Amino acid sequence: MMSVPPSSPGSAEHGGRRPSGYDAGMGGADAGGNGATIEPVRRRFSLNALLDGFFFVFAGLASVWLAYLLLTESFSFGWWGILVFIAFWLVLAYLVLPRLHRILTTIYVPDYFMGRTRTSDGLLGDPVNLALLGDDAQLLAAMAAAKWTRADEVTLRSSWRIVMSTLTRRSYDEAPVSPLFLFGRKQDYAFQQEVEGNPAKRHHVRFWRCPEGWLLPGGARVDWLAAGTFDRAVGLSLFTLQVTHKIDADTDVERNHIVATLTAADPAITVSVLADFSTGYHSRNGGGDTIRTDGDLPVVDLRAVAVADAASPAEPAAASAPGGAGGAASVTGGTP
């Protein structure tokens, strides 16, 4: 079992380091104890920022008006109204609602680490439920040994292929996953295990490398954070009405499955647990699916993983996923 670094006084509540002058307080004494007050920093007026905000909101309102016109005019087109209604749904799902969510989440969703990923529309996404120690080569080697397949990038070609694979129930082991964002960027790697040759059902996990010097809430230092969930079907998003995968509510089962496959493939991998790491956040992901978790965060230590000379981040070894690997083993402190 690896030891998790204890909390450090320099770590901020939201998972980063406290800014310089934090302990001095607002308007209190300076760090030297001289009793001098700190003047609040005044924001300068920016015409560019004002115009940017105006057009940001205007684009959202214009999208709503376009959707309204398509809906009202569709009733006067007879059978052509069906095509107009489809056009209305496309505009609503892929233009209007995403734009509105971007506006609203910019206002009310805090821009700091809270144990949740974000969708491209700004909504809270899947929970962060796994942390890892090790470099890129060790991560890729461990996932390949555990029979996880590297997911394709989202392109027009791969998107069309997954649509056709889902409709025809044909296997697509490397099916792409939608981008989720952490630390202001999309995932660095995504892996999956298809179940029973059905692209609508799959285990999948996304990985983000932590910024240099970044600390978890409580002061622990890790190299990677990950979000793993199980896709159970294809449906419509509750928040955007877009076609998307629907995930299983018990994210702990998928978290434990990921850890179990890694430790079974390489006994050198060890696991410790940060108990009650995340609690008290919204119980739905960006697609509107219910999620529940015990809040524990397993920390998987990959630093003892042996890396072959041929394995590198540029050319990772991707193994085929086993069909129907749906079981989940228990992790210390997790839910079996």
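The protein contains 5 helices and 12 strands, as seen in a predicted model. Of its 336 residues, 42% count as buried. Among the contacts with a separation of 6 or more, 67% join residues 24 or more positions apart. The protein exposes about 18100 Å², and carbon and sulfur atoms supply 60% of that area.

Gln138 belongs to helix H3, which covers residues 136-145. Is Gln138 buried or exposed? Its relative accessible area is 11%, and because buried means under 20%, Gln138 counts as buried. Leaving aside residues up to four places away in sequence, Gln138 touches Leu302, Arg303, Ala304, Val305 and Val307.

Helix H4 comprises the 13 residues 156-168. The buried residues of H4 are Ser158, Ile162, Ser165 and Thr166. Viewed down the helix axis, these buried residues fall within an arc of 95 degrees, and therefore they line one face of H4. On the face of H4 turned away from the buried side are the exposed residues Leu156, Arg157, Trp160 and Leu167.

Thr168 is placed in helix H4 and, with a relative accessibility of 40%, counts as partly exposed. Thr168 and Asn198 are 30 residues apart along the chain, and their C-alpha atoms are separated by 9.4 Å. Just after H4, Arg169 takes a positive phi of about 60 degrees. Elsewhere, the charged end of Arg161 sits over the ring of Tyr172, at 3.8 Å from the ring centre.

Helix H5 spans residues 251-265 and has 15 residues. H5 is mostly covered, since 11 of its 15 residues are buried. These buried residues are Thr251, Asp252, Glu254, Arg255, Asn256, His257, Ile258, Val259, Ala260, Thr261 and Leu262.

The backbone of two loops also deserves attention. Phe183 lies in the loop between strand S5 (181-182) and strand S6 (185-186). Phi of Phe183 is near 60 degrees, a positive value in a residue other than glycine. With a relative accessible area of 26%, Phe183 is partly exposed. Asp276 occupies the loop between strand S11 (270-274) and strand S12 (297-301). Although not a glycine, Asp276 has a positive phi of about 55 degrees. Its relative accessibility is 54%, and because exposed means over 50%, Asp276 counts as exposed.

The aromatic side chains come next. A pair of aromatic rings is described by the distance of the centres and the angle of the planes. How many aromatic pairs does a search of the whole structure find? The search finds 6 aromatic pairs. In one of them, the ring centres of Phe113 and Trp214 are 5.1 Å apart and the planes stand at 80 degrees, so the pair is edge-to-face. Phe113 lies in the loop between helix H2 (80-108) and strand S1 (116-118), whereas Trp214 lies in the loop between strand S8 (198-209) and strand S9 (224-236); the pair therefore ties together parts that are 101 residues apart in sequence. Both Phe113 and Trp214 are buried.

Phe191 and Phe207 also form an edge-to-face pair, with 6.1 Å centre to centre and 80 degrees between the planes. Phe191 is in strand S7 (residues 189-195) and Phe207 is in strand S8, so this pair ties together parts that are 16 residues apart in sequence. Phe191 is buried, with a relative accessible area of 1%, and Phe207 counts as buried at 0% relative accessibility.

Ring pairs also link Phe113, Phe183, Trp214 and Phe277 into a cluster. This cluster includes Phe183, the residue in the loop between strands S5 and S6, together with the edge-to-face partners Phe113 and Trp214.

Definitions and conventions. Residues are numbered from 1 along each chain as its sequence is written. This is a predicted model: local features need pLDDT of at least 70, side-chain atom pairs count only at pLDDT 80 or more; totals for chains, interfaces and linings use all residues. Side-chain values use heavy atoms; hydrogens and water are left out. Helices (H or I, at least four residues) and strands (E, at least two) are DSSP runs, numbered from the N terminus. Buried means under 20% relative accessible area, exposed over 50%, partly exposed in between (1.4 Å probe, protein chains only). Contact means heavy atoms within 4.5 Å. The expected span of a helix is 1.5 Å times one less than its number of residues. The arc is that of the directions from the helix axis to the C-beta atoms. Accessible areas come from the Shrake-Rupley method with a 1.4 Å probe; for residues, only the protein chains shown count as cover. Rings of Phe, Tyr and Trp (its six-membered ring) pair if their centres lie within 6.5 Å; planes under 30 degrees apart count as stacked, over 60 as edge-to-face and the rest as tilted. A charge sits over a ring if NZ of Lys or CZ of Arg is within 6 Å of the ring centre and within 35 degrees of the ring normal.
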